[in-house]
Amino acid sequence: MSTAMTFGTKSFTPRPPDKGAFPLDHFGECKGFKEKFMKCLRENSFENALCRQESKEYLECRMERQLMAKEPLEKLGFKDLIDEKSEAEHNKL
Amino acid sequence: MEPVKDRIIKVTFNADVHASLHWNFRPQQTEIYVVPGETALAFYKAKNSTDKPVIGISTYNVVPFEAGQYFNKIQCFCFEEQRLNPQEEVDMPVFFFIDPEFAEDPRMAKVDLITLSYTFFEAKGGHKLPLPGYQK
């Protein structure tokens, strides 16, 4: 059967997330960080790039409460925020 | 992975439930603007509006279809059973990025809108989750 998919193109099949599912935050332990992030989005026309600090804090909250496997933040795309932070601390010294 | 800062993509969010699942399930933002190579966070919210615990399981879809191969979910709430107690409401995050190779694909040159849709089903023991698209 000849279709648009038969010429070696990568096809889309829904696939499970790389790191599996987030455990549910049944007790809303990280809700505050979520609210902070959502507020940032609303105030910044939903531009993700401007709210990455808040998203990082939400994920850190989850990691601290076993609601997410601990992972170096550089590996989750936050390398630039970590570098900025350590540069600022270095300049303080 | 480096962000491709000059390719802004609007990601919009849909939420659906299968008719037999009495959950209130919706996205917490209508849209988010991202660039390929930049990790992004978005939220859905689900409430079990019944008086019994219910286990749901979700799958997702991406349109345009061809953009789906570049949509990478680092972590989300899909493909695993999620149990909500009676009247319980939870935040459901999706942590994702669009592969930087998206920006190199000439077929994606005119794509600046991607829609992510999640659908929740009631999980029944032993049921295999039907995956849309071509079955292998």
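Helix α1 of chain A, which covers residues 31-43, holds both Lys39(A) and Glu43(A), placed four residues apart, or about one turn of the helix. These two residues are joined by a salt bridge, and their closest N and O atoms lie 3.0 Å apart. Side chains of opposite charge can pair in this way when their charged atoms come close. The model described here is predicted, with an ipTM of 0.86 and a pTM of 0.85.

Two packed helices are described by the angle between their axes and the distance between the axes. For helix α2 of chain A (residues 52-64) and helix α3 of chain A (residues 79-92), the axes come within 10 Å and cross at roughly 95 degrees. An angle from 65 to 115 degrees counts as roughly perpendicular, and α2(A) and α3(A) are therefore roughly perpendicular to each other. On the α2(A) side, the residues that take part are Arg52(A), Gln53(A) and Lys56(A), and these meet Asp80(A), Leu81(A) and Ile82(A) of α3(A). Sorted by class, this contact of α2(A) with α3(A) is made up of three charged, two nonpolar and one polar residue.

Read from the N terminus, the order of its elements is accordingly β-β-β-β-β-β-β-β-β. The C-alpha trace of chain B extends over about 50 × 35 × 25 Å along its principal axes. As for confidence, chain B has a mean pLDDT of 90, and 91% of its residues reach 70 or more.

How do the two chains come together? The size of an interface is often given as the accessible area lost when the parts come together. Between chain A and chain B, about 3700 Å² is buried, with 59% of this area on carbon and sulfur atoms. In terms of residues, 38 from chain A are in contact with 43 from chain B. Which salt bridges cross the interface of chain A and chain B? The rule finds one across this interface. In this salt bridge, the side chain of Lys34(A) meets that of Asp91(B), with an N to O distance of 3.1 Å.

Conventions. Residues are numbered from 1 along each chain as its sequence is written. Chains are lettered from A and ligands numbered from 1 in the order in which they are written. This is a predicted model: local features need pLDDT of at least 70, side-chain atom pairs count only at pLDDT 80 or more; totals for chains, interfaces and linings use all residues. Side-chain values use heavy atoms; hydrogens and water are left out. pLDDT is the predictor's confidence in each residue, from 0 to 100. Axes are lines fitted to C-alpha atoms, for helices over the stretch in contact, and angles run from 0 to 180 degrees between N-to-C directions. Helices (H or I, at least four residues) and strands (E, at least two) are DSSP runs, numbered from the N terminus. Angles under 35 degrees count as roughly parallel, over 145 as roughly antiparallel, 65 to 115 as roughly perpendicular and the rest as oblique. Contact means heavy atoms within 4.5 Å. Ala, Val, Leu, Ile, Met, Phe, Trp, Tyr, Cys and Pro count as nonpolar, Asp, Glu, Lys and Arg as charged, and the others, Gly among them, as polar. Buried area is the accessible area (1.4 Å probe) that two parts lose on being put together, summed over both. A salt bridge is a side-chain nitrogen of Lys or Arg within 4 Å of a carboxyl oxygen of Asp or Glu.
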